[in-house]
Amino acid sequence: EPLELDSFVGSILNGRNGSVFCYGATGAGKTHTMLGTVQNPGVMVLALKDLFTKLRQRSREGDFMVRLSYREVYNESVRDRISPGRPLVLREDSKQVVPPTFQT
């Protein structure tokens, strides 16, 4: 829904972290939902387009930093889809699972 996506991007611009999680069986359409097509863009494409449009509109307010990760969980392994390579390692301690951090 456009209103929900607009609210999601607005929250990110107000300093909140945001995540989009797509879950389902193989062949259920997760990739299509996230990426879509050139004619019918998916959630991820629409959110990024909206985010950068709004950042341009706020450019007089100062500089902005955008950090983005694109992860895939498949067959019990986590992969970075921006910088493909070995599966990412998740660590778990007595309180929580500690996700991989952003690498610069």
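What volume does the largest pocket have? In this predicted model, the largest pocket comes to about 1,800 Å³. Pockets were picked out on a 1 Å grid over the protein atoms alone, as open sets of points with protein on both sides within 12 Å along at least five of seven lines, and lining residues have an atom within 4 Å of a point. The volume is the space filled by probe spheres set on the points, with points joined across faces, edges and corners. Of the 46 lining residues, Ser-19, Val-20, Ser-69, Tyr-70 and Arg-71 sit closest to the centre. Helix α3 gives the most to this lining, with 6 residues.

As for the fold, the chain has 3 helices and 4 strands, in the order α-α-α-β-β-β-β from the N terminus; these are DSSP runs (helices H or I, at least four residues; strands E, at least two), numbered from the N terminus.

A search of the whole structure turns up 1 salt bridge, meaning a side-chain nitrogen of Lys or Arg within 4 Å of a carboxyl oxygen of Asp or Glu. Lys-54 pairs with Asp-50, with the closest N and O atoms 3.3 Å apart. Both belong to helix α3 (residues 43–57), and because they are 4 residues apart there, about one helical turn separates them.

Residues are numbered from 1 along each chain as its sequence is written. Local features need pLDDT of at least 70 and side-chain atom pairs pLDDT 80 or more, while totals for chains, interfaces and linings use all residues, and side-chain values use heavy atoms, with hydrogens and water left out.

Key: On a 1 Å grid over the protein atoms alone, a cavity is a set of points where a 1.4 Å probe fits but cannot get out, and a pocket is an open set with protein on both sides within 12 Å along at least five of seven lines; lining residues have an atom within 4 Å of a point.
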